[in-house]
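Good morning, colleagues. Please look at the structure on the screen while I go through its sheet and its helix packing.

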Amino acid sequence: MPELPEVEVAARNLRRWGQGRRIRAAWADARAKRIFRPANPATARQLAGARMDGIQRIGKNLLLTLQGGPGASRANRSGARETSAAALDPQFGLWSHLGMTGKWVRRRSGDPRPPHARVDLTLDDGSRLVYVDPRMFGRLRWVPGARFDAVAELRALGPDPLTDGIEAPRLAERLAVLPARLAIKVALLDQSLLAGVGNIQACEALFRARIDPRRPAATLGRVEVGRLRRGILASIAHTLEALADPSSGGVADADSDIRYVEDDRGDNPFLVYARAGQRCTRCKRARIERVVQAGRATFYCPYCQRA
DNA sequence: ACCCGTGTTCGCTG
DNA sequence: TCAGCGAACACGGG
């Protein structure tokens, strides 16, 4: 269930673990075709031997650029090196979306495969990158030529707050034309507005901006949009810090997988998320309420975020 | 046992 | 026509 901060940590981990390394062998759970479905049988061969050249993140999406080439997909039984044209331009991409429960973990070559492993890549240093996803809401898709700019779903993404920043005037324009009754909290979950904001970050950002999550998005004024912009950036930055700090349940060591910050025992690092019934830490008067919007839980302070 | 869930898409309905 | 809702995906945790 990662949002932008968790996916950013995953991207950093993958760079540290795999950038520049070759994939020696690849395994995919045959029963999990919905997650990883190579375009054709040749892709499996192409994966083994490819070198991981780069890992980018846009919103909640991980974009891996891989390079095959002589000695890559051809490093097989005969050992013969082919230099055909087909083998010379073997760049391709993998688009990874973690869904709700997906994560990339690192294992040693002899380690048992973790429960719910869906894809298992053995690297040339003997380590393995394993994609684990119990609920199988995530996806790992083949992108020919690493042409991520040709993928419609990625094209549709709005600016990424961390890498692109947020232009308040542009955000205000986008909000102004939304359906008249669409709540700002619901609007923020739309990845074409801003890429990477999910349920937690939307709740946290609105609390920081002191905006009622039920307010129609189109009614926000310039000042409020400005506060919202700062709230989103601050919430993402705060969550990233919490993830990086082991004492708050973040990434504990080099081999650890993603820790969701709320896994932290007893110490929820969020200001309102999952705090229904607790006294608001800012006003110290009202209690945090939980409502459902578009089927998702929203947490907010009815005093700080009054209309 | 029952309810909930950090994501997203699809189909139905008013 | 389309905004809005619930279901579906599949499983662990409280």
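I shall begin with conventions, then take the sheet, the helix contacts and a salt bridge.

This is a predicted model, in which local features need pLDDT of at least 70 and side-chain atom pairs count only at pLDDT 80 or more, while totals for chains, interfaces and linings use all residues. Residues are numbered from 1 along each chain as its sequence is written, chains are lettered from A and ligands numbered from 1 in the order in which they are written, and side-chain values use heavy atoms, with hydrogens and water left out.

Let me turn to the sheet. Helices (H or I, at least four residues) and strands (E, at least two) are DSSP runs, numbered from the N terminus. Strands pair if DSSP finds at least two bridges between them. On that basis, four strands form an open sheet, ordered β2-β3-β4-β8, with antiparallel pairing. Each of β2 (51–58) and β8 (139–144) has a single partner strand and stands at an edge, so one side of each is left without a neighbour in the sheet. Neighbouring strands here are turned by 20 degrees against each other on average, direction ignored. Within the sheet, β3 (residues 61–67) and β4 (residues 92–97) run antiparallel and are joined by six bridges. In that pairing, L63 stands opposite W95 in β4.

Helix α1 (residues 4–18) lies across β2 and β3, and runs at about 165 degrees to β2. Contact here means heavy atoms within 4.5 Å. Axes are lines fitted to C-alpha atoms, for helices over the stretch in contact, and angles run from 0 to 180 degrees between N-to-C directions.

Next, the helix pairs. Two packed helices are described by the angle between their axes and the distance between the axes. Angles under 35 degrees count as roughly parallel, over 145 as roughly antiparallel, 65 to 115 as roughly perpendicular and the rest as oblique. A crossing is right-handed if the near helix is turned clockwise from the far one by less than a right angle, and left-handed if anticlockwise.

How do α1 and α8 cross, and at what angle? The axes of α1 and α8 (residues 222–244) come within 9 Å and cross at roughly 50 degrees, which means that α1 is oblique to α8. The crossing is right-handed. From α1, the contact draws on L4, P5, E6, E8, V9 and R12; from α8, on I236, T239, L240 and L243. By class, this contact has six nonpolar, one polar and three charged residues. Here Ala, Val, Leu, Ile, Met, Phe, Trp, Tyr, Cys and Pro count as nonpolar, Asp, Glu, Lys and Arg as charged, and the others, Gly among them, as polar.

Helix α5 (residues 168–176) packs on α8 at about 115 degrees, with the axes 9 Å apart, so α5 is roughly perpendicular to α8. Their crossing is right-handed. A168, L171, A172 and L175 of α5 make the contact with V225, L228 and R229 of α8.

Finally, the structure holds 16 salt bridges, each a side-chain nitrogen of Lys or Arg within 4 Å of a carboxyl oxygen of Asp or Glu. One of them joins R21 and D124, whose closest N and O atoms are 3.8 Å apart. R21 lies in the loop between α1 and β1 (23–28) and D124 in the loop between β6 (117–123) and β7 (128–132), so the pair ties together parts that are 103 residues apart in sequence.
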